[in-house]
Amino acid sequence: MLLSTGIACTFAFWATFHISFNFLLETKWIGKRLKKFCNKHDIQVSFLHIRCFTTRLNRSLHKLVTYCRFVRAWFNVGVVLCLFLMFVSVFFLLYNLMWAYREFSAPKVQGQASQQVLRVMVPGVNFPLNQVGLLFVATLLGGFFHELGHAIAAVKEGVGMNGFGMFIFYIYPGAFVDLDNSLNDIAPRRRLRVYCAGVWHNCVLSIIACILIILLPQLLFPFYTVEHDKVIVQSQSKNSPLAVDTGILTGDVVTSIDGCSTNGFDRWYYCINETIFQPQAGSCLNERAVAILSHQEPDIDPEECCENAPEKSICYKQVNPNKSDQPLYSCMNARTVMSNWVCHHNNQCQNDEVCVKPYQNDGQHLMRITVERDEILHTIIYLGLPHDLYYFITITQYQPRFKWLSYTLPLYLLQQLQFFFQISTALGLVNIIPCYFLDGQHAFVSFFDEFVGEHHHHKPIICQTVLTLGTLLVVANAVSGLVHAFR
């Protein structure tokens, strides 16, 4: 799906939502109940925006900080980590900007991966639209954990909390916590616990996601077995030429490609590369067999080979040096021919046989793919590009223990955990940068007050200079990321 199509679909969704919502508000029976529900839960709806605010968490958070003795120690660890991450994040963005400059100053190479570690993701441009849902959930949960950290720390430090809210703007979800102005009146060290709590919780969420990624096979053990020595077809794209009744099906175990054993992921990729770079294999046939199997008389002109031939017939090329160096082209059924001895040269066949090879001048290969399905081996004859196996087939090592389980579920869980790790890590690193409008702005000022002094006579100019430079660094990375996305 193109970017323009994605934008049109999201605007169409919002238009439908607003029309439906306003229509329901105008109805007598539903309208009153809908207004009452929105007022009760403080739900506000505006153009491309939904906001929900609640005070129900206030009491629960007060109980948490009252009965848990280690809350302050927990956030002290976060303060120490954020002091370290503030320097790391600046180095991180400088490193990213250096790679961006190198890539922009060099000519673009098609297919070359970017070395930038921080990228701006634009759905439909450099991010697949079918994964937007995973990104949405990861961003929502990452934002929720971030703001929950601020809320817990604020309650522990005696800062008044007015409530907790969540919102969706266009396709971006987020969360926020409303604190009163007493936060500015407490000691710098106590302020640091509040300002650093969000980043600290993002780091914790990243660690949890990383642990779950490592333990995913063990967590799924009651439902899936992990077959390290098998290549299982998880899914195929809709445009896959192999997704036919006589082709490869979901759940098939691919055992070999042109005789190359695929007992594991490494062997799967190795065998495909072998098919790409090795010459096309043929079959040993004698002259009488060629005459019987050919649908027409062998000809020296390849252009007339297989004209008006039956389905599943392809053109074969043969050279018999004992008779003539002129190649002959015969149209034969591929499956029948491939049932004979495999060869690459005539000297690999018997004296009265020649090695007949599929004739394709467009890079296609005739491949023999063996799959195991319901404990029965099936041979699939496929004429196409070996790269098709890369592009159209997704493989897995997870075998469901029950038939009602999906082959794609482990991949979705893995991708969701990876998004949790990536988004939460990015939120933590970017937020702690000393930059205006981010947590790093208040954290830097609080660090300055704690280590240098609140009333230092050079405080305004130092803080303003550092925050301005940090803001410029963030903006430069954001602009370079957008340029690289549309480059």
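I take the radius of gyration over C-alpha atoms, and the globule rule as 2.2 Å times the number of residues to the power 0.38. With that rule I looked up the chain, for which a compact globule of 487 residues would have a radius of gyration near 23 Å, whereas the chain has 32 Å.

**Entry 1, ground rules.** I am working with a predicted model, in which local features need pLDDT of at least 70 and side-chain atom pairs count only at pLDDT 80 or more, while totals for chains, interfaces and linings use all residues. Residues are numbered from 1 along each chain as its sequence is written, and side-chain values use heavy atoms, with hydrogens and water left out.

Along its principal axes I find that the C-alpha trace spans about 100 × 60 × 45 Å. The chain has 13 helices and 17 strands, where helices (H or I, at least four residues) and strands (E, at least two) are DSSP runs numbered from the N terminus. I note that buried residues make up 40% of the 487 residues, with buried meaning under 20% relative accessible area, exposed over 50%, and partly exposed in between (1.4 Å probe, protein chains only).

I looked up the second largest pocket and found about 520 Å³ of space in it. Of the 17 residues that line this pocket, the closest to its centre are Gly251, Asp374, Glu375, Gln399 and Tyr407. On a 1 Å grid over the protein atoms alone, a pocket is an open set of points where a 1.4 Å probe fits, with protein on both sides within 12 Å along at least five of seven lines, and lining residues have an atom within 4 Å of a point. Grid points are joined across faces, edges and corners, and the volume is the space filled by probe spheres set on the points. Strands β14 (365-373) and β17 (398-400) each supply at least two residues of the lining. I sorted the lining into six nonpolar, three polar and eight charged residues, with Ala, Val, Leu, Ile, Met, Phe, Trp, Tyr, Cys and Pro as nonpolar, Asp, Glu, Lys and Arg as charged, and the others, Gly among them, as polar.

Most residues other than glycine have a negative phi. I therefore noted Leu48, which is not a glycine and has a positive phi of about 60°, and which counts as buried at 8% relative accessibility. Leu48 lies in the loop between β1 (43-46) and β2 (49-54). His18, in helix α1 (residues 3-26), is in contact with Val45, Ser46, Phe47 and Leu48, leaving aside neighbours within four places in sequence; His18 is buried too, with a relative accessible area of 16%. Phe437 also has a positive phi, of about 75°, but is exposed, with a relative accessible area of 81%, in the loop between α11 (409-431) and α12 (439-451).

I placed Ala485 in helix α13 (residues 459-486), where it is buried at a relative accessible area of 10%. Neighbours within four places aside, Ala485 is in contact with Val120, Val122, Val125 and Asn126. I placed Ala153 in helix α5 (residues 132-156), buried at 1% relative accessibility. Ala153 touches Phe75, Arg193, Val194 and Ala197, not counting residues up to four places away in sequence.

Methods:
Contact = heavy atoms within 4.5 Å.
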